[in-house]
Amino acid sequence: MTANAFDEDVDRCMEAGMNEHLAKPLELSKLLSLLHKYFEKQAIQQS
């Protein structure tokens with residue numbers, strides 16, 4: 001999560017190895033969607 005939301009900032013974050021980019025202020029729907037995505041992946045890997 002970051003306050004840096006310009007395209008260049010997102011690109012730098014991704015190049016640094018981040019999996020996702022969430023800019024502040026958070027959009028609850030985006031946050032919940034990403035949490036679901038990664039928790040679902042984790043559940044599949046554990047089964």
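Analyst: The accessible surface of the protein comes to about 4,100 Å², and 56% of that belongs to carbon and sulfur atoms. The model is a predicted one. The C-alpha trace spans about 40 × 25 × 10 Å along its principal axes. The protein has two helices and zero strands.

User: How many residues does the protein have, and what share of them count as buried?

Analyst: There are 47 residues, and 13% of them count as buried. Buried means under 20% relative accessible area.

User: What makes Arg-12 and Asp-9 a salt bridge?

Analyst: The distance does. Their side chains meet at 2.9 Å, N to O. The cut-off is 4 Å between a side-chain nitrogen of Lys or Arg and a carboxyl oxygen of Asp or Glu, so the pair qualifies. In general, side chains of opposite charge can pair when their charged atoms come close.

User: How far apart are Arg-12 and Asp-9 in helix α1?

Analyst: They are three residues apart in helix α1, which covers residues 7–15. That separates them by about one helical turn.

User: Is Asp-9 buried or exposed, and how do you know?

Analyst: Asp-9 has 9% relative accessibility. Buried means under 20%, so Asp-9 is buried. Arg-12 has a relative accessible area of 52%. Exposed means over 50%, so Arg-12 is exposed.

User: Why is the contact between Asp-9 and Arg-12 also called polar?

Analyst: The contact joins the two side chains at 2.9 Å. A polar contact needs N or O atoms within 3.5 Å, so 2.9 Å meets the distance cut-off.

User: How many salt bridges does the structure hold?

Analyst: It holds two. Besides Arg-12 with Asp-9, the side chains of Glu-20 and Lys-37 meet at 2.7 Å, N to O. The limit is 4 Å, so Glu-20 and Lys-37 count as a salt bridge.

User: Which parts of the chain does the pair Glu-20 and Lys-37 link?

Analyst: The pair links distant parts of the chain. Glu-20 sits in the loop between α1 and α2, and Lys-37 in helix α2 (28–46). They are 17 residues apart.

User: What makes Glu-20 and Lys-37 partly exposed?

Analyst: Glu-20 has a relative accessible area of 24%. Lys-37 has 35%. Partly exposed is the range between buried, under 20%, and exposed, over 50%, so both residues belong there.

User: Which residues gather in the patch of negative charge on the surface?

Analyst: Asp-7, Glu-8, Asp-11 and Glu-15 do. Take Asp-11, in helix α1. Its relative accessibility is 45%. A patch residue needs over 30%, so Asp-11 passes that cut-off.

User: How many charges are there, and how far apart are their mean positions?

Analyst: The protein has 5 positive and 8 negative charges. Their mean positions are 5 Å apart.

User: Which residues form the nonpolar patch on the surface?

Analyst: Leu-28, Leu-32, Leu-35 and Phe-39 form it. Together they have about 410 Å² of accessible area. Leu-28 lies in helix α2. At 57% relative accessibility, Leu-28 is over the 50% mark, so it counts as exposed.

User: Where is Met-14, and how far is its C-alpha atom from that of Leu-28?

Analyst: Met-14 is in helix α1. The C-alpha atoms of Met-14 and Leu-28 are separated by 21 Å, and the residues are 14 apart along the chain. Met-14 has 35% relative accessibility. That value falls between 20% and 50%, so Met-14 is partly exposed.

User: Why is His-21 called buried?

Analyst: His-21 has 15% relative accessibility. The cut-off is under 20%, so His-21 counts as buried. His-21 is found in the loop between α1 and α2. A polar atom of its side chain lies 2.9 Å from the backbone oxygen of Asn-4.

User: What kind of peptide bond joins Lys-24 and Pro-25?

Analyst: A cis peptide bond, with omega about -5°. Pro-25 lies in the loop between α1 and α2. Most peptide bonds are trans.

User: What makes Ile-44 exposed?

Analyst: Ile-44 has a relative accessible area of 58%. Exposed means over 50%, so the label holds. Ile-44 lies in helix α2. Its C-alpha atom is separated by 22 Å from that of Ser-29, 15 residues apart along the chain.

Methods:
Residues are numbered from 1 along each chain as its sequence is written. This is a predicted model: local features need pLDDT of at least 70, side-chain atom pairs count only at pLDDT 80 or more; totals for chains, interfaces and linings use all residues. Side-chain values use heavy atoms; hydrogens and water are left out. Helices (H or I, at least four residues) and strands (E, at least two) are DSSP runs, numbered from the N terminus. Buried means under 20% relative accessible area, exposed over 50%, partly exposed in between (1.4 Å probe, protein chains only). A polar contact is a pair of N or O atoms within 3.5 Å; within protein, one must be able to donate a hydrogen and the other to accept it, and residues adjacent in sequence count only if both atoms are side-chain atoms. Patches are made of residues with over 30% relative accessible area and no salt bridge: like charges are joined within 9 Å, nonpolar side chains (Val, Leu, Ile, Met, Phe, Trp, Tyr) within 5 Å. Accessible areas come from the Shrake-Rupley method with a 1.4 Å probe; for residues, only the protein chains shown count as cover. Lys and Arg count as positive and Asp and Glu as negative; His and the chain ends are not counted. The place of a charge is taken as NZ of Lys, CZ of Arg, CG of Asp or CD of Glu.
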